[in-house]
Amino acid sequence: NPPYIMEKEKRSMRSNVLEREPPLALFVPDDDPLMFYRAIAGWSADLLSPEGVGMTEINELLGPETAEVFSLSGFGNVSVVKDFSGKNRFVHYRK
């Protein structure tokens with residue numbers, strides 16, 4: 001999973017996460033929170049075989065927006081997948 005937590009979400013996070021994880025592994029700028037997903041979509045377009053499938057972990061607050069990145073990159077059957085708690089957790093896509 002790429003970094004996907006917006007800087008503005010930092011103040012609501014548990015201290016144990018903030019103390020143990022490097023910020024570079026967690027946070028993205030508030031003004032461009034989907035930056036890594038555009039890169040993943042580009043790499044997936046180049047590297048997936050025909051009929052290839054991908055899935056990536058996402059920020060639960062940005063499910064539809066993240067799915068749109070993959071749809072606009074030419075992937076089909078793009079969907080947001082919920083976790084066991086009912087939160088948007090992954091985007092699944094097919095080449």
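Thr66 is buried, with a relative accessible area of 0% (buried means under 20% relative accessible area with a 1.4 Å probe, protein chains only; exposed is over 50%, partly exposed in between). This is a predicted model, in which local features need pLDDT of at least 70 and side-chain atom pairs count only at pLDDT 80 or more, while totals for chains, interfaces and linings use all residues. Residues are numbered from 1 along each chain as its sequence is written, and side-chain values use heavy atoms, with hydrogens and water left out.

Thr66 sits in helix α4 (residues 63–72); helices (H or I, at least four residues) and strands (E, at least two) are DSSP runs, numbered from the N terminus. Leaving aside residues up to four places away in sequence, Thr66 touches Leu34, Tyr37, Ile58 and Val91, where contact means heavy atoms within 4.5 Å.

The whole structure holds 3 aromatic pairs (rings of Phe, Tyr and Trp, its six-membered ring, with centres within 6.5 Å; planes under 30 degrees apart are stacked, over 60 edge-to-face, the rest tilted). The ring centres of Phe70 and Tyr93 are 4.3 Å apart and their planes at 20 degrees, so this pair is stacked. Phe70 lies in helix α4 and Tyr93 in strand β5 (residues 88–94), so the pair ties together parts 23 residues apart in sequence. Phe70 and Tyr93 are both buried. For Phe75 and Tyr93, the centres are 4.9 Å apart and the planes at 65 degrees, so that pair is edge-to-face.
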